[in-house]
Every structure is written in structure tokens, then in C-alpha cells.
Amino acid sequence: MSNSESPDGPPSFEDAFRGDDVEQRIYGTILQTREPTTASAIANVADCDSKTARKYLGWFSELGIVTRHDGHPATYERNDAYFEWRRINQLAVDHSVEDLQQRVRELSSWIEEYEDTYGAPTPAAVDAVATAESSDDRTIDDVYGDLGDWATAIKERTRYERARQQRASTETEQVSG
């Protein structure tokens, strides 16, 4: 038995949802879908019939997990805004206001370091090729790695700040309510 087939390890990538119920297989398929897809194509990947897929996709659409696009046939795609909201909500539940604020400070510090290092306000303002060519110690891979980390830090800071605001608002309501 290979490692990917071990009962203690994850299933192979090709059969990531083996053993899950139909709802979980459809949900997992939606998580991997990056463009509008028909219910029959989703059903094919999730190994179920199209009618079942449409039933769950309708339910996921009502919950905001997927976006339904009318047409012949209708298509469905993952609603990234839902997953962003869910991530922020989970951060607010799992961390105190102080912990969230500390993380915002750490990320802000990293962002300031990148701004100083590259002399630019955002990663998009950096010409990666020119920067690497003019540097004796940074390769193009180093620069692209930094720019990716910088962009990630900006997105994470926004998430943590939104979670901090949400948590602070919840705590204020509980104290005054």
C-alpha cells in the first residue's frame, strides 16, 4: 500500500474525497473549481448524478457558498467572498482582540520593512526584473518571493484587522447589552 493509500494518511490527490458522502464530495469539488462549471461536470467529478448535484448546488447557492449563473445550462462557481468572510469570522472567534492587534502590528512591521527595502508603497510598484538585475545579492526568485510574501502580508493584515474590529464590536455589544 502506498503512502497516499495509507489509512492514516491523506487520500491521493486524484481521489481526494473518497469515502466522503455526496454532499462533501460536491463541496470539495466546488472548492477546487475556479471558473463557472455546469452541475453535470461537478456531478461527474463528485461521482454522483446531476440531479443530486443540482440539489446540493442549489442549497450551497442559498447559503452563499457558490454563485449560480443563469443560462442554458446554469453554471456554478465558488464564492470567494463567502470563504473570505468565513476566514475572518473564524479568526475573530479563535483570537482575543489583543492577539489580533498584535498580529496586525507584526504584519505592519513586515510591510514597512518591504516598503523600505524596495522603496515602494506596494509590491505592484516594484519592477522585479530591474530590481534583481541591479542587485548583487538578490536573484529574481528572491525578489519575486519577497513580493509574494509582501502581498500576502497586506492581505493577512486586512483580514486580521477586520477580525479585530469584529471581535471588538462583539465584546462592546456584550458589555453594553
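Residues are numbered from 1 along each chain as its sequence is written, and side-chain values use heavy atoms, with hydrogens and water left out.

**Stop 1: colour by confidence**

Colour the model by pLDDT, the predictor's confidence in each residue, from 0 to 100. The protein averages 89, and 86% of the residues score at least 70. Now select residues 1–6: the pLDDT there is below 50, and beyond near neighbours in sequence this stretch has eight contacts in the model. A contact means heavy atoms within 4.5 Å. Where pLDDT is low, the predicted coordinates should not be read in detail.

**Stop 2**

**Stop 3**

Next, select Y118, V126, V143, L147, W150, Y160 and A163. These have the most contacts inside the largest nonpolar core, which has 19 residues. Such a core is a set of buried Ala, Val, Leu, Ile, Met, Phe, Trp, Tyr and Cys residues joined through side-chain atoms within 4.5 Å. At least two residues of this core come from each of α4, α5 (97–118), α6 (128–133) and α7 (140–176). Apart from it lies another core, of 17 residues, with I26, I30, L57 and F83 among them. In soluble globular proteins, nonpolar side chains tend to be buried together.

Zoom in on A163 and show its neighbours. Leaving aside residues up to four places away in sequence, A163 touches I88, L91, A92 and L100.

**Stop 3: the aromatic cluster**

Show the side chains of Y27, Y56, W59, F60, Y82, F83 and W85, which ring pairs link into a cluster. Rings of Phe, Tyr and Trp (its six-membered ring) pair if their centres lie within 6.5 Å; planes under 30 degrees apart count as stacked, over 60 as edge-to-face and the rest as tilted. The whole structure holds eight aromatic pairs. How are the rings of Y82 and F83 arranged? Their centres are 5.0 Å apart and their planes are at 90°, so this pair is edge-to-face. Y82 is buried, at 17% relative accessible area, and F83 is buried, also at 17%.

The charged end of R78 sits over the ring of F83, 5.2 Å from its centre; the criterion is NZ of Lys or CZ of Arg within 6 Å of the ring centre and within 35 degrees of the ring normal. For another case, select R138, whose charged end sits over the ring of Y118, 4.9 Å from the centre.

**Stop 4: salt bridges**

From R78, follow the side chain to D80: the two meet in a salt bridge (2.7 Å, N to O). The term stands for a side-chain nitrogen of Lys or Arg within 4 Å of a carboxyl oxygen of Asp or Glu, and the whole structure has seven. R78 is partly exposed at 22%, as is D80 at 46%.

Which residue forms a salt bridge with R159? Select E156: the closest N and O atoms are 2.5 Å apart. Both residues lie in α7, three residues apart, about one turn of the helix. R159 is buried at 18%, and E156 counts as buried at 13%.

**Stop 5: two loops**

Finish with the backbone. In the loop between β2 and β3, select P73; the peptide bond from H72 to P73 is cis, with omega near 0°. Then move to D47, in the loop between α2 and α3. Phi of D47 is near 55°, a positive value in a residue other than glycine, and D47 counts as exposed at 62% relative accessibility.

Methods
Predicted model: local features only at pLDDT ≥ 70, side-chain atom pairs only at ≥ 80, totals over all residues. Buried < 20%, exposed > 50% of the residue type's maximum accessible area, 1.4 Å probe, protein only. Helix = DSSP H or I, 4+ residues; strand = E, 2+ residues; numbered from the N terminus.
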